[in-house]
Amino acid sequence: MIPKVEPALLNRMLEGRVKDLASTKRGLTKEDLAARQIALERAAGLHPMPPRTEMNAATTGIIQRDGYRIEKLRYEPMPSEVATAHLYLPDEPLKAPLIVSAHGSWKGKKAAPLVQARGTAWALSGFACLIVDAPGNFGDDPQDERSEMGDPADPALLMGSPWVGVYAWDLIRGAEMCLSRTDIDSEKLAITGEGDGGIAAALAFALEIRFAAAALVCTAPSLEQKSLESIAQLGIPGIALAGDFADMLALCCPRPVMLLAARNDNRAAEGDVSRTAEKLREAYRSVGRSEGKVRNQSFEGALDYNRRMREAVAGFLDEHLRGQSPREYLPEPRPLTDGAQNPYPSGTLPVDDPELAVGAQGSKTLRDILEMKLEHP
């Protein structure tokens, strides 16, 4: 007879196991890194990496704004999986560095004002910015163009296709779609994201060597401190086997990484994000790389990607993509909506403006993608 285990005791055992794995010092030999890379790919549902099939990319419209334009794009990261995105481009005819951006759980996804604001601000500063809608339904949101893909919290996805892994692949393929363009500098590519989107961005950064730098906002807290509930919310089965977030990001050494935290963020607490940065600097030092390539900053407020955060990221990428002198902030050229904690309608279109819609339907669901992977593991 199997003895009964109290749920609270089982949770404590599991939480202790996760914290043990997160606090275990990982090796940095080629063999260690290769094993960790495979563990990370498996956790994301991307081992082996999917084939890079034809994306059938199309532009469904262009929105011309003052000093920049927005191209409305659809493409297929996997066969019959339709992704929707906005590509912000400066008006100046130049080869712009590209920032690929994931987003948090905001209503409207790529159309949320604080998400539009980063594309606008960076385009006005001479960057291109691709903002990709997250896959799946984030709730009752008529502006959600990927809602037909189903519930990202569907527990069945834990069998091998977590939604953040799908999102990471969408980001990687979206970058590939843009790199062949004549108005984008294919040698200067970075990635960013906040909240859950920041986790997808971190995965994409670790899995795609062409991302030269990453800025992760309100995400990647050390798992040494987090509760089991917080860890479970990541929705990535077996993620602790790849180590702590610092261990995952150490796979990217010596590429520059910026970690931004908000002082009142409960899920990615300031101290936990600082701990990730501390461990990542140690990993960079141990292989003879400059710890200065890891930057950590904290801001007032809760989960956000506000104006001050955008300016900090722009300064970081101005240095590491364009070779400019280090600076803490690159000021935005004009007033734009601040962030989730202090929104105001300045310089962005309303979230429900039909002009923002890409107009792409008929995608595979997250369950369809899972079934495909289970058929061909």
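A residue counts as buried under 20% relative accessible area, as exposed over 50%, and as partly exposed in between. In this predicted model, Leu9 comes out at 39% relative accessibility, so it falls into the partly exposed class. Leu9 sits in helix 1 (residues 7-23), and together with Val5, Leu10, Met13 and Leu14 it makes up a nonpolar surface patch of about 430 Å².

Turning to the inside, the largest nonpolar core takes in 81 residues, and Leu40, Leu98, Leu130, Leu171, Ile191 and Phe211 have the most contacts within it. Helix 4 (residues 163-179) supplies the largest share of this core, with twelve residues.

As for the rings, the structure holds four aromatic pairs. In one of them, Phe138 and Trp163 have ring centres 5.8 Å apart and planes at 80°, so this pair is edge-to-face. Phe138 belongs to the loop between strand 5 (128-132) and helix 4, while Trp163 belongs to helix 4 itself, so the pair ties together parts 25 residues apart in sequence. Phe138 is partly exposed at 26% relative accessible area, whereas Trp163 is buried at 10%. Trp163 also pairs with Tyr167, this time stacked, at 6.0 Å centre to centre and 25° between the planes. These two residues are four apart in helix 4, about one turn of the helix, and Tyr167 is buried, at 0% relative accessibility. Taken together, Phe138, Trp163 and Tyr167 form one aromatic cluster.

Note on methods. Residues numbered from 1 in each chain as written. Predicted model: local features only at pLDDT ≥ 70, side-chain atom pairs only at ≥ 80, totals over all residues. Heavy atoms only, no water. Core = buried A, V, L, I, M, F, W, Y, C linked by side-chain atoms within 4.5 Å. Buried < 20%, exposed > 50% of the residue type's maximum accessible area, 1.4 Å probe, protein only. Patch = residues over 30% accessible without salt bridge, like charges linked within 9 Å, V, L, I, M, F, W, Y side chains within 5 Å. Areas by Shrake-Rupley, 256 points an atom, 1.4 Å probe, with all protein chains shown as cover. Salt bridge = Lys/Arg side-chain N within 4 Å of Asp/Glu carboxyl O. Phe/Tyr/Trp six-rings, centres within 6.5 Å; stacked < 30°, edge-to-face > 60°.
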